[in-house]
Amino acid sequence: MYQNDTLPKILRDNYQKFGDKKVALRKKKFGIWQEYTWKDYFETVKDFSLGLVKLGFEQGNLAAIVGDTDPEWFIAELSAQAVGGKCVGLFTDGLPSELEYIIVHAGATLVVAKDQEQVDKIIEIKDRILNLKKIIYWEDKGLWNYDEPLLISFDEVKRLGKEFEKSNQGLFEQRIEEGKGDDIAVLCYTSGTTGQPKGVSLSHENILHYARVLCELKEPLEGVDYLAYTSPAWIFEQWVGVCGGLFFPMVVHFCEEPETVIHDIREIAPSFLMLGPRQWESFARTVQVKIKDTSWWKRIFYNWGMGVGYRISSLLQEGKSPSWWLKVYHTLADLFVLRALRDRLGISHGKLLLTGSASMSPDIFRFFHAMGAFIRIIYGGTEANVVCGTGSQDYGFETVGRAFPGVEVKISKEREILVRGKQVFKGYHMDPEATAKRIDHEGWFHTGDAGTINDKEEIIFWDRLEELMELTGGERFSPQYIETKLRFSPYIEDTYVIGDKDKGYVTAIVSIDFSNVAKWLEERNLTFTTFVDLSQKPEVRMVVKGEIEKINRSLPDFAKIKKFINLHKSFDADEAELTRTRKLKRATMSQRYESIIQAMYQGEKSYHVDASVTYRDGRKGMVSAELAINEI
Amino acid sequence: MILNIIPGEMKTTSVPILNFENIHLSFGGIAALLGVSFKVWPKEVLSIIGPNGAGKTCLLNCINGFYKPQKGNILFQGQDVTHVPCHKRAEMGIARTFQNLAIYSGLSTIDNILTGRHIFMKSNTLSCGIWYRLAQKEEVRHRARVEEIIDFLEIEAIRNHMVGSLPYGLRKRVELARALSLEPQLLLLDEPMAGMNLEEKEDMARFFLDVNERMGVTLMLIEHDMGVVMDISDRIVVLDFGKKIAEGLPKEIRKDPKVIKAYLMDESIS
C-alpha cells in the first residue's frame, strides 16, 4: 500500500523533501528554459488553490481546463484537486459547441483557459453554462481590453489566494489531508465515435496506476527528463506527465510552442518520451527524406551504419547474439552514424520511448531499433487504464506485451479483450446504464477490442471488435490485421483476406510486389516475361507461401491462412479495387473475385482466368492465365 | 511580457505625433506630392489609400527622411524634422517596413531583429568583437528585448532559421519584428499584407492591433486591401495624383463621392 494516495499529497511530500533544491517543471519562455522548483510548484498550487476557494470553488466542484500543455494546466488541475475538487480537460481544437457539451455535461463551475482563442469560445457559450463562476486565463495577449466581468487572470487568482491565506491559515493543508485515493480526480471524455462523448470518471488511484506499475517494474525513472507534449485532456498525459512527474518524480519539460516541439525535443533529449505512431512515423520519414537530399558520401555512411543496425536488430528479434566482429562493426556504426542520428532526433538519452493509441508498423519499430532506439508499446484505454506493455527485451514487435502487475486480462468467446483490476475506471459520469453495459457482474471491463493471448502470455491486439469477421465455427478474426501483417513482407504488395460465416477457414488473394519479386528472381538467374508469368512461377509461389507461413505462426489456428492464390495483376484503384488512399474496397473485391474465391473453397487446384484489364493509358484488354491455388 | 506598455490610453490628444504641413515633392517635372497636409494623432491607426502612383510610398519616404520635400514642413512630436537625416529620425522613434522586403536573407531571424537594436548600442567594434563586460551585458539586454518581440509576434519556431529560407508571410513578420525592435513611436507600414493569403492577412492585422493597443505605437499604413483598411483604421487619408482628396473616419471615406470617383469605383469600397 502506498502512503500517498492522492496527487496533491504527493506534491506536498515532494515539496517537503526537495524544497527548492530540485527542479520540478521547466518551460521555455523567451528562448530560455525557466525552472520551477518543487517549492515554486507547491506554493503556486497553494496560492491558486486558495484563490479558487475565494472565488467560490467548493469541495466536489469541477473545473474545466482548456489550453496547450503548460505548467499552468498542471497547476490548475492540482489546485482543483487539492481543495477536494476535480477537473475535466478539453482539447484546444474543440468547437464551441463541443466544449459546451462537455462543460455542461460534466457540470463545471469554473473554466481555466489559456488564451484569447479559448476565452472567446467560452464567452460565446457562457450563457448556456449554469453556475459559471469565473473564466480564468493564463495568457493575457489580446485580452487587455476585454470588459467581460467573468474574466480573471491566473495571476490575479494567485494574488487572491495569497490574501485569503492570511485569514485562513492551514486550510490548504487540511483540505489536502482530507483527500482520499478513491475521490474522483479527473473526468476524461472519450472521443465519441458512437454518439456523444462519454465522461470517464477516474479516481486518484486510477490515474496513479501506471506510475506505480513502472515503479514496480523498477524502471529507472527518478529524476529523468520527460517532455510533456500531448494534451493532458488525453489520459496518457495524466498517467505520465501529471502523475509520473509527481510520483517518480521526474523533471517535466514543456515545449515553448507546439510548433517548436522538434527543436525542443533535441534540446532536452528526454529520457522518457511518448509519441503517437504518426509522430514516430514522421520522425522516420524526416530522416529518410533528409538522407535522400544529403551528399553521396553521407548516404554511403548512413546505409552502412543502418545496415549494421538492422542486422543486430534482426539477430535480437530471433533471440540470437551477434558475433564478435558484428559487435565491433556495430560499435563503429554507433560511433560514426547511429549516435548522430539519435542525437538529431533528440532521442539520444531515451530510456523509455513509448507509443500507443493506434497500431504502428513493425517497419517503424525496426527502423528505430536499428538506430539504437527501442520503442516500446503500451496498450490500454481511458476506461481500462494501462493494461499491458512490452518490456525492455521484447523485440518481437508483434504483441503489445504482458499484462502489468495487478491487471487481469482474459479473452472472451467473442474474442474480446476483457480487463479487470483496481485500475479500471469508476464509471461513466451520470450514465450508469452505459457503465453497466461495459462492466459485467464479475467486474470484467469489456474493451471492445479484439485480440488473443499467445503461449508466452503476451497479448496480441487485432482490431476493434466490430471490424472482425466470423467463421463457420463462430470464431472471430480480423482480416485487416492479417492483411497488415502480410503487407510487411517485401514480396507482397497487397492482400485480400477472405473468411466469413459460410466458410470454415481463411484464404487470401495475394498481389505480389512486382519489382521486389522480379529482382529476387533475377538474382537467382531465373527469367520471366510478364506479371502473370512472374506471379505463377513455382519459385515465386514458394516465396509467398514462406511469407504466409511466417505470419501464420503468430496467428491462432482458426485464423491461419489455409490457401492462397497469387493474382495475375496488382490491385488497382483505377479498377475500384482500392480507394485512392490504397485502402481495400472489400465489397468490390468480393464481387469481382467471387469465382476465384469459390474455386479456393471448392478444393480446386487451379483457376482459369480470362479477365478484362484496364491499362494505364485507359485501353482495355483481356488476360488469359491459369492461376494456381496453393495450399499451406 | 513586453516592456513600456501603456494599454488603453486615449488615442486623441491635443498634440499630434506627426504634422505633415503642405508638403511638395517632385522629381524633375513630375510632381509626386502637391501640398499634402494632415496630422497623425498619438496611438491611432491611420491608413493612406489611393490608386497606384498616387504618391503613397513617396509620402512615407518623406516621413522617414529618405526623400527630401522641396517645400513644406514635417513635425514629429512637435519638432521640425524636415531636414533631419534618416538615421536620426529612426533614433527619434520613426520606424518602417518596406513594400519589397528589405531584410538580411543570409542572417537568422534573431540576428535580423538584433540589427534593429543597433541604435541603442554603445559598445565599440573592438569590445563587441571580444565580447567583454559592457558589450556582453549590452547584448544580453538587447537579446532579452528581441526575445520579447519574438514572443509577441509568435515567431519562436523560426528563431534560428535563415530568413532567406522562410515563406513570404513569415519574412514580412520578421521585418515587422525588426521595426518593433527600434521601439518606435510611429511605425510606417508600406503594403504589409501584399502577397499574403487570407489567413496570413488576418494574423498580421491582429498583430498590428496588438502593437497599437499593447505597445501604444502609432501606425501609418499603406494598404490596398480595403477590407483590412476599413476594419483596422481609426482614420483614413486618400491621395490621388499627389493631392489629398479626402480625410476622415472609415465610414465617411466609404461614402465620399470624390473617393469613390477617384479610386474606389463604387464596388470595391462597398
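Author: Two strands pair if DSSP finds at least two bridges between them, and the strands themselves (E, at least two residues), like the helices (H or I, at least four residues), are DSSP runs numbered from the N terminus. This is a predicted model, in which local features need pLDDT of at least 70 and side-chain atom pairs count only at pLDDT 80 or more, while totals for chains, interfaces and linings use all residues. Residues are numbered from 1 along each chain as its sequence is written, and chains are lettered from A and ligands numbered from 1 in the order in which they are written.

In β8(A), V186(A) is the bridge partner of C87(A). Strand β4 of chain A (residues 86-90) and strand β8 of chain A (residues 184-189) run parallel and are joined by 2 bridges. Both belong to an open sheet of 8 strands in chain A with mixed pairing, whose order is β7-β6-β5-β3-β4-β8-β9-β19. Its edge strands, β7 (151-153) and β19 (427-428) of chain A, each pair on one side only.

Helix α5 of chain A (residues 116-125) packs on this sheet, where it touches β3 (62-66), β5 (110-113), β6 (134-137) and β7 of chain A; here two residues are in contact if their C-beta atoms, placed from the backbone, lie within 7 Å. The direction of α5 makes about 155° with that of β5(A), given that axes are lines fitted to C-alpha atoms, for helices over the stretch in contact, and that angles run from 0 to 180 degrees between N-to-C directions.

Turning to another pair of helices, the axes of α2 (residues 38-54) and α6 (residues 154-167) of chain A come within 6 Å and cross at roughly 85°. That makes α2(A) roughly perpendicular to α6(A), a label for angles of 65 to 115 degrees, whereas those under 35 count as roughly parallel, those over 145 as roughly antiparallel and the rest as oblique. Among the residues that make the contact are F48(A) and L52(A) of α2(A), and L160(A) and F164(A) of α6(A). The residues of this contact divide into 7 nonpolar, 4 polar and 5 charged, where Ala, Val, Leu, Ile, Met, Phe, Trp, Tyr, Cys and Pro count as nonpolar, Asp, Glu, Lys and Arg as charged, and the others, Gly among them, as polar.

As for the whole chain, the secondary structure of chain A comes to 21 helices and 28 strands, and its C-alpha atoms fill a box of roughly 90 × 60 × 50 Å, taken along the principal axes.
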